[in-house]
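Colleague: I would like to learn how to read a model like this one. Please take me through it feature by feature.

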Amino acid sequence: PLKVLLRIVFDDAGNPCVSHYSYPRFTHALEWIPRDAKVSPPTTLHLDMETRTWYYRKTVLHESVKDDSEKETWTDATVLSVQDACPSGKTLFWRVQVSPKLFDSYKNPGQFVQLRMNDKDPLFLAMCSAPFKEANVFEFLVKTTPNIPWLPTVKSGTNVQLTDIMGNGFALEQFTESNTCNVIMCVAGSGIAPIKACIESGKVKSDIRLYYGEWTANDLCFTAAYTEWSENVNVIPCLSRESNGGYRHGHVQDVLEREDDTVLSLSCTAILCGMPEMEESVRTVLLRKGIPEKRILTNLS
């Protein structure tokens, strides 16, 4: 179970700062804040993802559930390198040296941590490196944003802190040699991070069609890896703000909607990672095209 996983900060006007956190899957959680909640901004709310219960200090805002949250344990880590992950510079690629204990506790692609610097507001980041890829090193994809002022100060040698591993990751145990099937992966933006870990983990033996959404071609991350993945992965970039002859135009869900139904089959499994709106739209398309709900996976399933 995921306990007190998300913090939402409210500004002086009482508006939630959506960009305060970086893990896009949680944006929809704002809808779970009770309409009659009396919160004096600026403040922070904590969310229990399992029960969809919001807490303010020690007061339950809705549902009679005891606040059994535990204080996060933070472990020191060191940033080894910071590089642009794409030509536009919209996203950064970090390599971070972590403790052996934390490294060994990362078991499944799709798991994530909180990362902060000097006790400042943390980011939620899924590892983009596969488990056990490089000893005591995690790789992260970090989207730049002016709402997190400490991000530009991070460089090689910067000391940061990480929480313990969070979440169960993708349920990849079904991908065994005796139960392989065609796999569709639908991602947008920084959602490509855990998908990279998923592909490079080697746990998915099937042929993969990866629909990867970004604004423009210059925003695409990990393009150098596409050739390495090509043995069983067909990367299909979907660009929403650029028409480019070599790519599909539109959001992932729009491109998927236009696909021939023969591309999708009842034996197909889909893995989704992106903004909640994108995930829900893609899920609707997949269900309409015959993929069962039980075969549509997310890293918070």
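This is a predicted model: local features need pLDDT of at least 70, side-chain atom pairs count only at pLDDT 80 or more; totals for chains, interfaces and linings use all residues.

Colleague: How many residues of α2 are buried?
Modeller: Buried means under 20% relative accessible area, exposed over 50%, partly exposed in between, with a 1.4 Å probe and protein chains only. Eight of the nine residues of α2 are buried. They are Ile-192, Ala-193, Pro-194, Ile-195, Lys-196, Ala-197, Cys-198 and Ile-199. For the protein chain, 51% of the 301 residues count as buried.

Colleague: Which residues have the most contacts inside the largest nonpolar core?
Modeller: In soluble globular proteins, nonpolar side chains tend to be buried together. A nonpolar core is a set of buried Ala, Val, Leu, Ile, Met, Phe, Trp, Tyr and Cys residues joined through side-chain atoms within 4.5 Å. The largest one here has 32 residues, and those with the most contacts inside it are Met-185, Ile-192, Ile-195, Leu-210, Phe-222, Trp-229 and Ile-271. Elements giving two or more residues to this core include β11 (183-188), β12 (208-214) and β15 (269-273). α2 gives the most, with five residues. Apart from this core lies another, of 26 residues, among them Ala-77, Trp-94, Leu-125 and Ala-197.

Colleague: Where is Leu-172 placed?
Modeller: Leu-172 is in the loop between β10 and β11. Leu-172 counts as buried because its relative accessibility is 6%. Leaving aside neighbours within four places in sequence, Leu-172 is in contact with Pro-109, Cys-198, Ser-201, Lys-203, Val-204 and Ile-271. Pro-109 is 63 residues away along the chain, yet the C-alpha atoms of Leu-172 and Pro-109 are separated by 8.6 Å.

Colleague: What is the strand order in the open sheet?
Modeller: Strands of a sheet pair through backbone hydrogen bonds, either parallel or antiparallel. Two strands pair if DSSP finds at least two bridges between them. Here six strands form an open sheet in the order β8-β7-β10-β5-β6-β9, with antiparallel pairing. The edge strands, β8 (123-126) and β9 (137-143), each pair on one side only.

Colleague: How many bridges join β7 to β8?
Modeller: Four bridges join them, and the two strands run antiparallel. Phe-112 stands opposite Ala-126 in β8. The two strands form a hairpin with six residues between them, and Asn-118 in the turn has a positive phi of about 55°. β7 (residues 112-116) is also joined to β10 (residues 159-162), by two bridges. Leu-115 stands opposite Leu-162 in β10.

Colleague: Which residues cover the faces of β8?
Modeller: Leu-123 and Leu-125 lie on one side, Phe-124 and Ala-126 on the other, and all are buried.

How values were computed: Residues are numbered from 1 along each chain as its sequence is written. Side-chain values use heavy atoms; hydrogens and water are left out. Contact means heavy atoms within 4.5 Å.
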